[in-house]
Amino acid sequence: MGIFSTTEFNSMEDLLVNQLEDLYDAEKRLTDALPKMAEAASSGSLRNAFTTHLQQTRDHIGRLDVAFRRLGRTPGHETCQAMKGLISEGEQVIHAKGDPSVKDAALIAAAQRVEHYEISGYGSARTFSQRLGYSDIADLLQTTLQEESATDKLLTQIAEQQVNVKAMA
Ligand SMILES: [Fe+2]
Ligand SMILES: [Fe+2]
């Protein structure tokens, strides 16, 4: 959510649109960040996970476009300050020197912060959509939420089974 813009919440629909705009900006920022994360990864499976999630992230933007159309709105210029911050922390890791496996572990930690942020955002937006009677939008958001959760679990698996083990060796 933007910190300097004046936001007006007169209805739950205003709140839903605001949440969707925040997610829209977050996802757009991620489409720029994920290729850099993939390039910085030294583990092949981590690189694949980031590349696969880049494609999913494009789908997430597509679903948000559908939701905006359904609501008869065009996404405004909400800046997701939280994602901006998370990505700048990620960039610090991307440019870090040192042991490649420790760096991979750091990339995973940064990426999981991002996924958890998205999971909470989509959870709220899905619940608001459901409450407002937009069950079609709720279904779309739930599909995205499941992909975010699956990515989070995959990252845990890559960390526990490969990256952390190598980083400790
Ligand atoms: Fe996403
Ligand atoms: Fe994601």
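Glu-27 is buried, as is Glu-148, where buried denotes under 20% relative accessible area, exposed over 50%, and partly exposed the range in between, computed with a 1.4 Å probe on protein chains only. The structure is a predicted model, in which local features need pLDDT of at least 70, side-chain atom pairs count only at pLDDT 80 or more, and totals for chains, interfaces and linings use all residues. Residues are numbered from 1 along each chain as its sequence is written, chains are lettered from A and ligands numbered from 1 in the order in which they are written, and side-chain values use heavy atoms, with hydrogens and water left out.

Both glutamates take part in a metal site. The iron ion (ligand 1) is coordinated at 2.1 to 2.4 Å by Glu-27 (OE), Glu-27 (OE), His-60 (ND1), Glu-118 (OE) and Glu-148 (OE). Donors are N, O and S atoms within 2.8 Å of the metal (3.2 Å for Na, K and Ca); water is not among the atoms, so sites may look incomplete. Along the chain, the donors of the iron ion (ligand 1) follow the spacing E-x32-H-x57-E-x29-E. Glu-27 lies in helix α1 (residues 12–40) and Glu-148 in helix α5 (residues 135–168), so the pair ties together parts that are 121 residues apart in sequence. Helices are DSSP runs of H or I with at least four residues, strands are runs of E with at least two, and both are numbered from the N terminus.

His-53 and Glu-115 are both buried. Glu-118 bridges the iron ion (ligand 1) and the iron ion (ligand 2), and the two ions lie 3.4 Å apart.

The chain as a whole contains 5 helices and 0 strands, giving the pattern α-α-α-α-α when read along the sequence. For 169 residues, a compact globule would have a radius of gyration near 15 Å, and the chain has 17 Å, which agrees. This radius is taken over C-alpha atoms, and the globule rule is 2.2 Å times the number of residues to the power 0.38. Along the principal axes, the C-alpha atoms of the chain fill a box of roughly 55 × 30 × 20 Å. Of the 169 residues, 45% count as buried. Among contacts between residues at least 6 apart in sequence, 80% join residues at least 24 apart, a contact being heavy atoms within 4.5 Å.

Just after α2, Gly-72 takes a positive phi of about 70°.

A search of the whole structure finds 5 salt bridges, each defined as a side-chain nitrogen of Lys or Arg within 4 Å of a carboxyl oxygen of Asp or Glu. One of them joins Arg-73 and Asp-14, with the closest N and O atoms 3.8 Å apart. Arg-73 lies in the loop between α2 and α3 (81–94) and Asp-14 in helix α1, so the pair ties together parts that are 59 residues apart in sequence. Arg-73 is partly exposed, with a relative accessible area of 33%.

Another salt bridge, 2.7 Å from N to O, is formed by the side chains of Arg-29 and Asp-25. Both residues lie in helix α1, 4 residues apart, about one turn of the helix. Arg-29 counts as partly exposed at 24% relative accessibility, whereas Asp-25 counts as buried at 16%. The side chains of Glu-147 and Arg-63 also meet in a salt bridge (3.3 Å, N to O). Glu-147 lies in helix α5 and Arg-63 in helix α2, so this pair ties together parts that are 84 residues apart in sequence. Glu-147 counts as buried at 18% relative accessibility, and Arg-63 counts as buried at 15%.
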